[in-house]
Structures are given as C-alpha cells and as structure tokens.
Amino acid sequence: MFQIPTITKNLLIINVLAFFATFVFQLRGIDLADIAGLHFFMAGDFHAWQLVTYLFLHANFMHILSNMFGLWMFGCVIENVWGPKKFLFYYITCGIGAGLLQEVAQFGSFYMMIAGQDPSAGFADMFTIGKHLSGQLNAWTTIGASGSVYAVILAFGMTFPNERLFIIPFPFPIKAKWFVLGYVAIEFFSALGSSGDGVAHTAHLGGMLFGFLMIRYWSRHPNSGYDRSRGQQFFENLKRNFDQRQQNHKTQNPNMHAERGGSDEADREYNARKHKNQEEIDAILDKIRKSGYDSLTAEEKKKLFDASNQS
C-alpha cells in the first residue's frame, strides 16, 4: 500500500488545519491572513517570521487544493529520494526565498507608483515615504505555499527530466523537463504582465529560482552536508522490501502447490519461474541505481510496478 512520507504528510495536515482555522477565527473577528500573511516590508504590520507563516495560509478552497495536490503528487517522490531532512530544508528555504523575491517585486511596484506621482523622488526617499504610508501598505499581503510547491515541481523535473507525465487536457504524455519549463514560461510572462489577477507570480518564480540554485549547489558539492546516495538507498530499500515480501509469502504458503495437487515437476517449474522473475527484478533495480528510473523501458516499469503490488 502506498504511504505518504512523513514530512509531506505533516505539511499537508498543517496546511489543511490552518485553512480551517482561518475560517474559524474569522467567525471571531480574527484575520489570520492579516496576522501571519507576508506583509510588504515597509508596512506597519510586517514581521520577519511572516516569511515562514505565510506558507501555510490559503485564500480559498481552489487555492489550497491546487497547492496540496502538487505537494502530494511531487513531494512524495522527492522526499523518498532525498530524505525528510533535506526535503524539509528545501521546502522551507524555497518558500522563504519566494517571499523575499515577492518583497523585491513589491518594492519595485512601490517605487514605480511613487515615481509616477513625483518624478523628483529618489531611491532613498522611498523609505521615508514608505514610513508615512505604512498603514496603507498593510494591504499588500501574500499568502500560500505556491512558492515552495513550485520549487518541489522543479526538483522533480530536474531529478527525473525524462519521466513522462499525463497532464490534463493534453491527450499525450509530456516529459517532466518540458512540463517544468512550461510552468516557468507561464509564470514569467504572467509576472511581466499587469493582469491584476491577485496571484503572486513573482513568488512562484522566486521559489523555483531558489530551488534551482540549491539543487545546482548540491550537485556540485556532494559533501555539503547531505547524502547524495539517498536516491540509491531508496531503491535498495525497495528491493529489500520486495525480497522480504517474497520471503514472507513463501513462509506463509510453504506447501501451496502441493495443496493444489501440483506435482514435483510442477513445483520445480514454479520455482524456476519465480527465480527467473526475481533475477529480472534485480536487473531492473540495478539499472535504476546506475542510470536512474527514467532509463527504464515501459515494459520494465510495468514489471517493477506489478512486482511491488504482489502480496
């Protein structure tokens, strides 16, 4: 049975609880988005800890649904390959990075707005003006886990670039690398445009940018404090679990063929067939360790999937 890894599961739970808490507190006249959402750094209600808390708040059902679906779909895979500590560090750091880039983008908007009203205002004047407008600037608030989730999607695309994904509404599979590049292009042009859709496209790009830089750094510094062999361990654990399951199956059913009336010859054929199947699975797992999961053929992936679901 498929199990959601620890960090991904806990992140899903925390986000859902925070979503319901938002509506419960609203009934009491308390706006969690205003308290824990990420304010513009010149706003009176800005606090540094909001760079973390804003990641766990969402505006509406579709907002949290899309983010949590992406976290579940891609986070499960990346956490299993990287391990919980590295995945959590990556998730939170990319979320903070997304918030920082959103702050930079908001400062750019603030500068353009003031310069448009007073062309004589210089860069240094922005901070003085911002202090006087701190109350009004509280309206600039960002919430949502999108920056971190987009970074997780990027991590999947960089880890399994040739893995094919079926994305609605396309009737054909798309390689993960093209899927990620498509996301980047959409967010980039959305950030450039003045669509006014209320979506923090710059934060999305910020999460992916920080994720890209972190992954590149880890790939060039294998001894930076994280175990790069985690992916290999993941597949070794998969093989070990498969072997254990096969052993338990044999222990629980030692006379399975005899009970069905099978002859000694039939048993030998059965054992030979099982041995051959085990050798094929071992060869597939060895191929994954050497060349990665995306190097498997469709037939090999199906055989591995079928084997992992046998009781």
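Biologist: A polar contact is a pair of N or O atoms within 3.5 Å; within protein, one must be able to donate a hydrogen and the other to accept it, and residues adjacent in sequence count only if both atoms are side-chain atoms. With that in mind, what caps the N-terminal end of helix 4?

Modeller: Asn 60 does, with a side-chain oxygen 3.3 Å from the backbone nitrogen of Met 62. Please note that this is a predicted model, in which local features need pLDDT of at least 70 and side-chain atom pairs count only at pLDDT 80 or more, while totals for chains, interfaces and linings use all residues. Residues are numbered from 1 along each chain as its sequence is written, and side-chain values use heavy atoms, leaving out hydrogens and water.

Biologist: How many helices and strands are there in the protein chain?

Modeller: The protein chain has 13 helices and four strands. Both are DSSP runs numbered from the N terminus: helices are H or I with at least four residues, and strands are E with at least two.

Biologist: Back to helix 4, then. What does it reach from its first C-alpha to its last?

Modeller: Helix 4 covers residues 61-82, which is 22 residues, and reaches 30 Å, close to the 32 Å expected. The expected span is 1.5 Å times one less than the number of residues in the helix.

Biologist: Where is the kink in helix 4 centred?

Modeller: The kink is centred on Gly 75 and comes to about 40 degrees. The bend at a residue is the angle between axes fitted to the seven residues ending there and the seven starting there. Just after helix 4, Gly 83 takes a positive phi of about 100 degrees.

Biologist: What does Thr 8 touch?

Modeller: Thr 8 belongs to helix 1, residues 6-27. Not counting residues up to four places away in sequence, Thr 8 touches Leu 71, Trp 72, Gly 75, Cys 76, Glu 79 and Phe 87; contact means heavy atoms within 4.5 Å.

Biologist: Is Thr 8 buried or exposed?

Modeller: Thr 8 is buried, because its relative accessible area is 0%. Buried means under 20% relative accessible area, exposed over 50%, and partly exposed in between, with a 1.4 Å probe and protein chains only. Across the 311 residues of the protein chain, 36% count as buried.

Biologist: Which residues have the most contacts inside the largest nonpolar core?

Modeller: They are Leu 71, Trp 82 and Tyr 90, in a core of 45 residues. Helix 1, helix 2 (32-36), helix 4, helix 5 (84-117), helix 7 (146-159), helix 8 (176-192) and helix 9 (201-220) each supply at least two residues of this core. Its largest share, eight residues, comes from helix 7. Apart from this core lies another, of nine residues, including Phe 110, Ala 121, Met 126 and Leu 137. A nonpolar core is a set of buried Ala, Val, Leu, Ile, Met, Phe, Trp, Tyr and Cys residues joined through side-chain atoms within 4.5 Å. In soluble globular proteins, nonpolar side chains tend to be buried together.

Biologist: New topic: with which side chain does the side chain of Ser 146 make a polar contact?

Modeller: The partner is the side chain of Asn 67, at 3.0 Å. Ser 146 lies in helix 7 and counts as buried because its relative accessible area is 8%. Leaving aside neighbours within four places in sequence, Ser 146 is also in contact with residues including His 63 and His 204.

Biologist: And what does the side chain of His 63 reach at 3.0 Å?

Modeller: It reaches the backbone nitrogen of Ala 59. His 63 is in helix 4. His 63 and Gly 144 are 81 residues apart in sequence, yet their C-alpha atoms are 7.7 Å apart in space.

Biologist: Where is Ile 143?

Modeller: Ile 143 sits in the loop between strand 2 and helix 7. It counts as partly exposed because its relative accessibility is 23%. Beyond neighbours within four places in sequence, the contacts of Ile 143 include Ala 33, Tyr 54, Leu 57 and His 63.

Biologist: What about Trp 140: where is its place?

Modeller: Trp 140 is in the loop between helix 6 (125-132) and strand 2 (141-142). Trp 140 is in contact with Leu 38, His 39, Phe 40, Gln 106, Ser 109 and Phe 110, leaving aside neighbours within four places in sequence.
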